[in-house]
Amino acid sequence: MSGLVKEWIKKAEEDYEAACALARKRGKATPDVVCFCAQQCAEKYFKAYLVFKRLKVPKTHDLMELLTIVACNDSSFELIHDLLERLNSYAVEFRYPGEDATKGEARAAVKAITEVSHFFRSKSIH
């Protein structure tokens, strides 16, 4: 496995750990950041997979676009379509004024990224 794949995975797993830790945090909740970290984790796992498969890595935050690219090579990725759809809007939706994530959305984001992370780990790109 290339060093770049390892770097993408490391960054993805840092985002996963951050999302989980922030979701468990007592006191002032940060659901916007939890949702963002969850989306970022999925995005970075996709980019690790693309590098691993020697495919072009597009400059996009759109998980559905990344899914379309990867699913052309491995249709099993369609199994996580609904989870990715849930996470997709978190790249920008809660990063700017006007929208706020709820604690429930943060819990759902952590649940989704946990399943997505397990899926990517099953692909043996580590």
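Me: How many aromatic pairs does a search of the whole structure find?

Reply: Rings of Phe, Tyr and Trp (its six-membered ring) pair if their centres lie within 6.5 Å; planes under 30 degrees apart count as stacked, over 60 as edge-to-face and the rest as tilted. Here the search finds seven such pairs. In one of them, the ring centres of Phe 77 and Phe 119 are 5.0 Å apart and the planes stand at 75°, so this pair is edge-to-face. This is a predicted model: local features need pLDDT of at least 70, side-chain atom pairs count only at pLDDT 80 or more, and totals for chains, interfaces and linings use all residues. Residues are numbered from 1 along each chain as its sequence is written, and side-chain values use heavy atoms, with hydrogens and water left out.

Me: Which parts does the pair of Phe 77 and Phe 119 tie together?

Reply: Helices (H or I, at least four residues) and strands (E, at least two) are DSSP runs, numbered from the N terminus. Phe 77 lies in the loop between α3 (63-71) and α4 (81-88), and Phe 119 in helix α5 (residues 103-121), so the pair ties together parts that are 42 residues apart in sequence.

Me: Are Phe 77 and Phe 119 buried or exposed?

Reply: Buried means under 20% relative accessible area, exposed over 50%, partly exposed in between (1.4 Å probe, protein chains only). Phe 77 has 0% relative accessibility and therefore counts as buried; Phe 119, at 13%, also counts as buried.

Me: Which residues do ring pairs link into a cluster?

Reply: The cluster consists of Tyr 45, Phe 46, Tyr 49, Phe 77, Phe 119 and Phe 120.
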